[in-house]
Amino acid sequence: MSKGELAESYFRQGYNCSQAVVLAFCDEMGIDKSTASRMTIGLGGGIGRMREVCGTISGAAVVLGCIYRNENKSEIYRRVQHLAGIFKEHNGSVVCRELLGLSSKGFDNPQAEPRTQEYYRKRPCPVLIRNMADELEKYLNSN
């Protein structure tokens with residue numbers, strides 16, 4: 001199973017976008033799944049469901065920070081920007097609300113939506129999660 005498939009499966013189990021990406025890389029980061037899930041829960045929905053930076057990018061940033069923990073800040077930022085650039089090139093944006101086709105920022109409603117078939121059908125999230133995790137896996141394998 002690819003990291004993309006694994007991350008998508010976590011999302012379909014009810015984890016948010018950021019959690020799904022990070023959980024797929026727990027072994028590489030040396031972090032247990034419970035800790036990873038708790039430390040990334042607030043990053044979902046574009047950080048706290050505010051619909052800002054896509055949680056897949058936040059998740060990738062967490063993974064990069066853990067794996068390259070001995071590098072300086074600027075080097076980690078370079079790595080994050082590189083992956084975010086690939087993501088933007090493929091998807092047109094790195095902003096959650098733009099990727100979801102929403103017009104407002106979403107500060108008014110912190111309530112997570114129930115995960116129904118309709119939820120998965122109307123959202124690009126499973127594809128975005130799979131793509132980010134696959135790109136991150138490719139990046140880690142070549143760097």
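## Helices α5 and α9

Helices α5 and α9 are roughly parallel to each other, a label given to angles under 35 degrees. Their packing angle is about 25° and their axes lie 10 Å apart, with α5 covering residues 55–67 and α9 covering residues 125–142. Axes here are lines fitted to C-alpha atoms, for helices over the stretch in contact, and angles run from 0 to 180 degrees between N-to-C directions; helices themselves are DSSP runs (H or I, at least four residues) numbered from the N terminus. The crossing of α5 past α9 is right-handed, that is, the near helix is turned clockwise from the far one by less than a right angle.

On the α5 side the contact (heavy atoms within 4.5 Å) is made by Thr56, Ile57, Ala60, Val63, Leu64 and Ile67, and on the α9 side by Leu128, Ile129, Met132, Leu136, Tyr139 and Leu140. Eleven of these residues are nonpolar, one is polar and none is charged, where Ala, Val, Leu, Ile, Met, Phe, Trp, Tyr, Cys and Pro count as nonpolar, Asp, Glu, Lys and Arg as charged, and the others, Gly among them, as polar.

## Basis of the model

The model is predicted, and local features need pLDDT of at least 70 while side-chain atom pairs count only at pLDDT 80 or more, although totals for chains, interfaces and linings use all residues. Residues are numbered from 1 along each chain as its sequence is written, and side-chain values use heavy atoms, with hydrogens and water left out.

## Helices α5 and α6

Helix α6 spans residues 73–91, and its axis comes within 10 Å of that of α5, the two crossing at roughly 145° in a right-handed sense. Here Thr56, Ile57, Ala61, Leu64 and Gly65 of α5 meet Ile76, Arg79, Val80, Leu83, Ala84 and Phe87 of α6. By class, this contact has eight nonpolar, two polar and one charged residues.

Leaving aside residues up to four places away in sequence, Ala7 touches Ala20, Val21, Ala24, Ile129 and Ala133. The C-alpha atoms of Ala7 and Val21 are 5.2 Å apart, although 14 residues separate them along the chain.

## Cysteines

With a disulfide taken as a pair of cysteine sulfur atoms within 2.5 Å, the count is zero. For Cys66, the nearest cysteine sulfur is that of Cys26, 9.0 Å away; Cys66 is buried, with a relative accessible area of 16%. For Cys96, the nearest cysteine sulfur belongs to Cys54 at 6.2 Å, and Cys96 is likewise buried, at 8%.

Conventions: Buried means under 20% relative accessible area, exposed over 50%, partly exposed in between (1.4 Å probe, protein chains only). Angles under 35 degrees count as roughly parallel, over 145 as roughly antiparallel, 65 to 115 as roughly perpendicular and the rest as oblique.
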